[in-house]
Amino acid sequence: MSSLDQDQRLHPSCCNKTTVSSDSSDTHELAKLPLQGLKLASHAVLEKAQERGRLKCSKCGGSRMFFCYTCCSLLGVHLQEIPVIKLPVKIDIIKHPNETDGKSTAVHAKILAPSDVTIYTYPCIPDYKKDKVVLVFPGPGSVSVQDMMQCLHDMTDRRSHRSSDEPRVKRLKREEDQGAIHTSDNPKSGVPEEAKGSESGVYPLQRVVFIDSTWNQTNKISTDERLQDLLRVELKTRKTCFWRSQKGKPDTYLATIEAIYYFLKDFREHCLGQEYNGEYDNLLFFYSFLHTVVNKSKNSAKKC
């Protein structure tokens, strides 16, 4: 068993979305210092769990390390011992049914940001409001995070214009029949009080969708008609440091947890206008630890 195979057996990880072979110079360069400078919680708890070895999941019976990637539950690690992150926007992950759970980093996001991340298994896809949701996926027509908010506002404006073209007489008559005269709760304001809290710095974005599968399997999900009208966002300047290699794809094709992390980092800086100070670094809590373990294993194998 090779050192990489041994690591894959011992540790849960993420789906295969890197682009070059594991023995290429490009991968070697990416693996040198790709995750340095992150503000992470201590990995001591994971080191201790690694020493104890694999445990049996009480829910599914699977033998796991750190967490059960099938049940999205921790094993040998308590919730109080890991970072829990609050995200500025809800995250949906659409997982390919044939994607191996143990190779997916989607579970990292669910465990570390449980209140803001939901995982669906395709063909289950929610009914999205087209002008309030974006799909992070590369390809023709995709826009950058910097341009995303303006595109969403334009979509909202077009929808508003279409609505304003509808006859207003019937709506007014219906309101009069019901005795519904809408006035501001605050006489000095032209906006009802309940509406004031509905807009924020992230409006109109409500949710961000990611596809979790190998790149060779993404076509089935990305071409689903329920996702066709969503604005597509591409992280064009980021490079993967994922250790599971896949030939023939550019190194800007990221593992799921990498894509979520880089999107939120860019979102904070370019859309919220706030300086990034490591607020979402702990999304890479498991990923960075596993990255270190894999590379140590590879280096040990080379010395033998």
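Visitor: How many residues line the largest cavity, and which of them lie nearest its centre?

Guide: The lining of the largest cavity has 18 residues, and V136, F137, P138, W215 and A259 are the ones nearest its centre. Some ground rules before we go on. This is a predicted model, with local features needing pLDDT of at least 70 and side-chain atom pairs counting only at pLDDT 80 or more, while totals for chains, interfaces and linings use all residues. Residue numbers run from 1 along each chain as its sequence is written, and side-chain values use heavy atoms, with hydrogens and water left out.

A cavity here is a set of points, on a 1 Å grid over the protein atoms alone, where a 1.4 Å probe fits but cannot get out; a lining residue has an atom within 4 Å of a point. Points are joined across faces, edges and corners, and the volume is the space filled by probe spheres set on them. That gives three cavities of 30 Å³ or more, and the largest holds about 180 Å³ of space. Two elements give two or more residues to its lining, β8 (207–212) and α9 (256–271). (Helices are DSSP runs of H or I with at least four residues, strands are runs of E with at least two, and both are numbered from the N terminus.) By class, the lining has twelve nonpolar, three polar and three charged residues.

Buried means under 20% relative accessible area, exposed means over 50%, and partly exposed is in between, with a 1.4 Å probe and protein chains only. As for length, the 16 residues of α9 should span 22 Å at 1.5 Å a residue, and the end C-alpha atoms are 21 Å apart, which agrees; the expected span is 1.5 Å times one less than the number of residues. T256 belongs to α9 and is buried at 2% relative accessibility. Just after α9, G273 has a positive phi of about 70°.

Back to the wider setting. The protein chain has ten helices and nine strands, and 47% of its 304 residues count as buried. Take contacts (heavy atoms within 4.5 Å) between residues at least 6 apart in sequence: 80% of them join residues at least 24 apart.

V117 lies in it and is buried, with a relative accessible area of 1%. Beyond its neighbours within four places in sequence, V117 is in contact with L87, I91, I93, A109 and K110.

Most residues other than glycine have a negative phi, and most peptide bonds are trans. F66, not a glycine, has a positive phi of about 80°. C72 is another non-glycine with a positive phi, near 55°; it lies in the loop between β3 and β4 (73–74) and is partly exposed at 32% relative accessibility.

F66 also leads us to the rings. Rings of Phe, Tyr and Trp (its six-membered ring) pair if their centres lie within 6.5 Å; planes under 30 degrees apart are stacked, over 60 edge-to-face, and the rest tilted. There are eight aromatic pairs by that rule. F66 and F289 have ring centres 5.7 Å apart and planes at 80°, so they pair edge-to-face. F66 is in the loop between β2 (63–64) and β3 (67–68) and F289 in helix α10 (residues 285–303), so the pair ties together parts 223 residues apart in sequence. Both F66 and F289 are buried. Ring pairs also link F67, F285 and F286 into a cluster.

Terms used
On a 1 Å grid over the protein atoms alone, a cavity is a set of points where a 1.4 Å probe fits but cannot get out, and a pocket is an open set with protein on both sides within 12 Å along at least five of seven lines; lining residues have an atom within 4 Å of a point. Ala, Val, Leu, Ile, Met, Phe, Trp, Tyr, Cys and Pro count as nonpolar, Asp, Glu, Lys and Arg as charged, and the others, Gly among them, as polar.
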